[in-house]
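Hi everyone, thanks for coming. Let me put the model up on the screen, and then we'll talk through a helix pair and a few charged contacts.

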Amino acid sequence: MASKLTPLAMAVLELLHERAMHPYEMAQLMRERFVNTRVKVKAGSLYHTVDRLVQNGFVEVVETQRDGKRPERTVYAMTDAGRDEFVDRAQDMLANPAEEYPEYLSALAVIDELGPEMSLTHLKHRVLRLQAAIASDRVVLENLVNEHKLPEIYWLDWSYATARRAFELEWTKKLVEDLESGRIRFQEHCTPHLNLVTEDDSDERATS
């Protein structure tokens, strides 16, 4: 049984919906369309993904091209089985929230161990980087709308990514304010939530 299609495999099949092409052309189009903002795209992993799709019967070789002394380029097309698998996987990804584990959550869990000065310094750096990323997102979106005049249905992934970053920015700025104001207090490595002895228990022990 074939394993689930990875996000990169989905990106490959997405392109092969348009026409047959070789991996070098896929990589070019992925760069032009900023696919690397939602999928990790590397030459080695791209070729490996195409090979796996061939092994699973989801794509097939339709042509081998040679241009002068350049190496041969193998052209791939999607099979009917690949189209069915693509649709099934897309429906699953759309309907079911995936269990994802962002690094930011792990960092937030250890803020008290880092202490106020270090935590606030790096949170403020994160705010600056998020602001820069959001500004870059807006430039890309304006380009998609005004220059390429793409209907919004084709850049919903960008719209979502920009909204998510904007939420993270506002949430992080609020966290910085709360830490600086003392509304959320550092505990200096104390863990009172692990102390199972209640105040009443302490009084009872003191008088016994």
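Some housekeeping before we go on. This is a predicted model, where local features need pLDDT of at least 70 and side-chain atom pairs count only at pLDDT 80 or more, while totals for chains, interfaces and linings use all residues. Residues are numbered from 1 along each chain as its sequence is written, and side-chain values use heavy atoms, leaving out hydrogens and water.

Back to arginine 33. Its side chain meets that of glutamate 18 in a salt bridge, at 2.5 Å, N to O. By salt bridge I mean a side-chain nitrogen of Lys or Arg within 4 Å of a carboxyl oxygen of Asp or Glu. This pair links distant parts of the chain, 15 residues apart: glutamate 18 sits in the loop between α1 (7-16) and α2, and arginine 33 in the loop between α2 and α3. Helices here are DSSP runs of H or I, at least four residues, numbered from the N terminus. Glutamate 18 is partly exposed too, at 41%.

Next, glutamate 25 and arginine 19 form a salt bridge of 2.4 Å, N to O. Glutamate 25 counts as buried at 19% relative accessibility, whereas arginine 19 is partly exposed at 38%.

Further along, arginine 126 pairs with glutamate 168, with the closest N and O atoms 2.8 Å apart. The structure holds 13 salt bridges.

Now the helix pair. The axes of α2 (residues 23-32) and α3 (residues 43-55) come within 10 Å and cross at roughly 125°; axes are lines fitted to C-alpha atoms over the stretch in contact, and angles run from 0 to 180 degrees between N-to-C directions.

What meets there? Pro23, Tyr24, Met26, Ala27 and Met30 in α2 meet Leu46, Tyr47 and Val50 in α3, where contact means heavy atoms within 4.5 Å. Thanks, everyone!

How values were computed:
Helices (H or I, at least four residues) and strands (E, at least two) are DSSP runs, numbered from the N terminus. Buried means under 20% relative accessible area, exposed over 50%, partly exposed in between (1.4 Å probe, protein chains only).
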